[in-house]
Amino acid sequence: MARRFVVAVLVVVSLVLITVYLRESDEGGLHAAQRIGLAVLAPFQAAGERVARPFQDAYAYVSDLVDAKSEKDALERQVRALSQDVIRYQTAARENERLRELLQFVEGPRFPDDFRGLVTRVIAQPAGPYNQEILVAAGSNDGVTIDAPVVTEDGLVGVVTGVAPDAAKVTLLTDQSIAVSALDLSSGARGIVKPSPSAGSGLVLDRVGKEQVIEEGDMIITAGWRTGELASLYPWGIAIGTVTSVGQQDIDLYKRVQIDPFVDFDSLSEVIVLVKR
Amino acid sequence: MILDGVKAAILVLLAAVVQVSFVNAFELAEGHADILLLVIVGIALLRGPVFGACAGFFAGLVVDTATFGTIGLTSLLLTLGGYAAGRFGEATSDHQNQRARILVAVTLVTVGVEVGSLVVHTLLGEAAAAGTIVWSVLLPALGLNLVLAIPCYWLCRQIFPPPPRRARELPEVPVV
């Protein structure tokens with residue numbers, strides 16, 4: 001009982017001290033006593049602080065090292081995340097720019113009248129030199145049909161040769177199975193564009209009679225012919241390339257015309273599938 | 001008793017100075033070891049609740065003076081802490097595992113004083129986020145206190161040796 005009384009007295013005294021201390025002014029008795037006590041204790045504290053200083057410095061040094069390490073790790077994580085963001089944004093910006101160019105082409109005067117353009121991404125590139133085909137991310141669900149021409153704003157790319165609901169296979173102009181009737185925009189000379197058997201991704205304009213006039217630098221476009229019910233797969237006026245060399249030999253029936261295609265078949269990322277209206 | 005009082009006053013004074021000018025500088029998260037509290041717990045376990053409460057009251061006055069804090073606030077907390085540690089010591093004096101007894105006492109008093117401090121400061125309008133107090137102050141302080149509990153108790157035991165126990169008298173056996 002007496003013990004509890006002692007403790008109760010100490011608690012009450014503490015509460016009284018708190019109350020008085022908080023209510024009195026800075027000039028009050030408790031504040032004055034505290035200042036005196038502080039003056040007495042200050043030398044001890046100063047001595048203690050002096051002793052502690054080297055240990056504090058060592059502790060602060062180690063603590064800073066730990067903080068610097070964790071900060072470095074955090075910054076490295078941040079840099080990695082930001083690098084990924086930069087790559088994503090740059091890719092998006094390039095794609096945006098490319099799509100704008102395609103859109104300008106689709107809405108421009110060079111676009112064929114009877115078709116609507118379906119802009120789509122290339123989801124698979126040619127697997128090798130013997131397989132000149134790409135896959136695009138548009139299929140029968142989007143209205144893509146077999147034999148639909150495929151272009152970019154630069155020129156003719158190829159033709160759709162296989163269709164799935166959400167994808168289509170496009171055979172490029174550089175494939176040996178492709179032949180496109182074409183004409184020289186300057187002279188009107190006609191021929192058939194085929195892949196060059198010896199010039200990598202180059203093309204040739206075949207079946208051009210020796211009497212026809214073709215000069216280097218001429219632009220070759222699709223001929224877009226129609227005979228009765230039959231019509232060319234490719235509408236008139238799609239750019240194919242420019243003539244880089246013209247030659248003929250006495251034993252040949254036709255001129256030898258090399259064409260440099262406008263389209264870079266090695267770096268196709270988006271194309272336009274021409275869907276009939 | 002008077003000698004114990006003088007020794008306790010000197011020990012508490014030294015512990016308060018060490019606490020204020022030395023130990024408080026070594027923070028883990030935002031918490032630090034509380035040497036003064038460990039000394040109070042040690043004294044209370046060795047000399048009982050009243051002695052522990054008085055030592056706590058005096059220690060609080062010294063700390064509040066040295067830190068220019070609100071006089072009486074730390075006294076209130078350490079008085080109750082010293083009393084509780086003393087009562088715990090009495091209740092578990094026969095316990096076989098003395099280390100566990102000390103560690104449990106330090107845990108209880110550390111948590112109690114920290115929670116009490118939070119409550120009192122909140123009542124005085126100095127509210128702090130309880131979550132921050134628990135994670136950044138209480139847990140680091142508790143960990144450090146538990147690490148230092150046994151050495152501090154050993155020191156207190158050197159200064160306040162426990163009274164010798166009376167030898168248990170053997171019952172007389174009638175000689176047949």
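Among contacts in chain A between residues at least 6 apart in sequence, 56% join residues at least 24 apart; two residues are in contact if their C-beta atoms, placed from the backbone, lie within 7 Å. This is a predicted model, in which local features need pLDDT of at least 70, side-chain atom pairs count only at pLDDT 80 or more, and totals for chains, interfaces and linings use all residues. Residues are numbered from 1 along each chain as its sequence is written, while chains are lettered from A and ligands numbered from 1 in the order in which they are written.

Let's look at chain A. It has two helices and 14 strands, taken from DSSP runs (helices H or I, at least four residues; strands E, at least two) and numbered from the N terminus.

Now for its partner. In chain A, 24 residues are in contact with 24 residues of chain B. On the chain A side, helix H1 (2–23) and helix H2 (29–107) each give two or more residues, and H2(A) has the largest share, 13 residues.

| Helix of chain B | Residues |
|---|---|
| H4(B) | 73–91 |
| H5(B) | 98–123 |

Their axes (lines fitted to C-alpha atoms over the stretch in contact, with angles from 0 to 180 degrees between N-to-C directions) come within 10 Å and cross at roughly 155 degrees. That makes H4(B) roughly antiparallel to H5(B), the term for angles over 145 degrees. Residues making the contact include Leu73(B) and Phe88(B) of H4(B), and Ala105(B) and Val120(B) of H5(B).

Notes
Angles under 35 degrees count as roughly parallel, over 145 as roughly antiparallel, 65 to 115 as roughly perpendicular and the rest as oblique.
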